[in-house]
Amino acid sequence: MPGRMIDLHCHILPTLDDGPSDFEESLEMARIASRDGVCKIIATPHVYNDKFAIQDIIKQVDLLNVLLKENDIPISVYPGAEVSIGLDPALIPSYTLNQTNYILIEFPHNHLPSFAGKILAWLISKGLKPIIAHPERNYSVIRSPELLLNLLNRNMYVQVTADSLTGDFGTDIQYCTDYLLNSGKVDFIASDAHSKDFRIPVLSEALEIAATRIGRQASQRLVSTNPTAILTGEEIH
Ligand SMILES: [Fe+2]
């Protein structure tokens with residue numbers, strides 16, 4: 001459905017992390033997203049330490065939105081972050097998605113830390129709703145998906161990356177994604193884009209593949225209905 005998709009995990013802000021090198025590239029990423037049918041993007045720079053605060057992210061988002069308007073690109077950007085599970089726990093709750101209770105949490109790629117369950121439970125006790133960023137790319141989860149299934153509960157959500165569905169990250173990650181999709185454990189598909197040239201902000205191809213696995217209506221929820229609930233802070237059903 002053109003123009004209706006929302007990308008909730010996208011490194012579209014320049015200079016904060018390993019995303020675009022300047023606002024020109026941010027605008028080019030937005031053009032690519034818009035052509036693909038995306039209308040809203042949550043900007044999610046990596047947060048590993050206290051180098052920048054959520055206020056710094058909001059400032060960059062405000063500036064990008066002005067530039068998007070000036071350049072007639074029909075995309076709105078919202079503030080967020082991709083927060084490392086290793087960040088000082090006291091800092092984590094400030095980096096939520098669009099100032100709601102939803103928070104995007106990243107694990108290391110090579111293992112599931114033993115303290116992850118404890119931190120997630122603590123965040124939930126604070127009223128936060130953790131979304132696990134791309135667990136299908138975590139080596140431990142690829143080997144033993146039940147590790148993730150055991151960690152999840154009804155206050156937690158799962159985001160998979162569009163390129164995982166298309167096979168761009170290889171067949172092991174693709175199989176793991178299919179397994180999670182077919183188990184009904186996936187709540188969002190997002191681009192996790194980092195640039196205008198590789199890992200670009202597109203969702204439509206992944207949406208089509210998801211539709212062949214779980215049906216059109218269920219897959220539409222992953223790129224439209226569920227991310228809308230994040231922007232408004234509503235419950236995901
Ligand atoms: Fe990311």
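My entries follow, topic by topic.

**Ground rules.** I am working with a predicted model, where local features need pLDDT of at least 70, side-chain atom pairs count only at pLDDT 80 or more, and totals for chains, interfaces and linings use all residues. Residues are numbered from 1 along each chain as its sequence is written, and side-chain values use heavy atoms, with hydrogens and water left out.

**Iron site.** I started with the metal: which residues coordinate the iron ion? I found H9 (NE2), H11 (NE2), E82 (OE) and D192 (OD), at 2.1 Å. Donors here are N, O and S atoms within 2.8 Å of the metal (3.2 Å for Na, K and Ca), and water is not among the atoms, so sites may look incomplete. Along the chain the spacing of the donors reads H-x1-H-x70-E-x109-D.

I then checked the geometry. The angles among the four donor atoms run from 85 to 173°, and the site comes out irregular.

My cut-offs are under 20% for buried, over 50% for exposed and partly exposed in between (1.4 Å probe, protein chains only).

Next I traced an open sheet of six strands, order 3-5-6-7-8-9, with parallel pairing. Strand 3 (46-47) and strand 9 (188-190) are at its edges with a single partner strand each, so one side of each has no neighbour in the sheet. I call two strands paired if DSSP finds at least two bridges between them. Strand 7 (residues 129-133) and strand 8 (residues 157-161) run parallel with three bridges, and I132 has V158 as its bridge partner in strand 8.

I also looked at strand 2 (residues 38-43) and strand 4, which pair in the parallel sense over four bridges. I42 bridges to Y78 in strand 4. Strand 4 (residues 76-79) has V77 and P79 on its covered face, S76 and Y78 on the uncovered one.

A polar side-chain atom of T100 lies 2.7 Å from the backbone oxygen of L97. I noted that T100 touches I230, L231, T232 and G233, leaving out residues up to four places away in sequence; contact means heavy atoms within 4.5 Å. N98 is in that loop too, with a positive phi near 50° though not a glycine, and is buried at 18%.

**Another positive phi.** D72, also not a glycine, has phi of about 55°. I placed D72 in the loop between helix 2 (54-70) and strand 4, exposed at 67%.

**Cysteines.** How many disulfides are there? I count zero, taking a disulfide as a pair of cysteine sulfur atoms within 2.5 Å. The sulfur of C39 is 13 Å from the closest cysteine sulfur, in C10, too far for a bond. C176 is buried at 4%.

Note on methods: Four donors count as tetrahedral if all angles lie between 85 and 135 degrees; four count as square planar and six as octahedral if opposite donors are over 155 degrees apart and all others between 65 and 115; anything else is irregular. A polar contact is a pair of N or O atoms within 3.5 Å; within protein, one must be able to donate a hydrogen and the other to accept it, and residues adjacent in sequence count only if both atoms are side-chain atoms. Helices (H or I, at least four residues) and strands (E, at least two) are DSSP runs, numbered from the N terminus.
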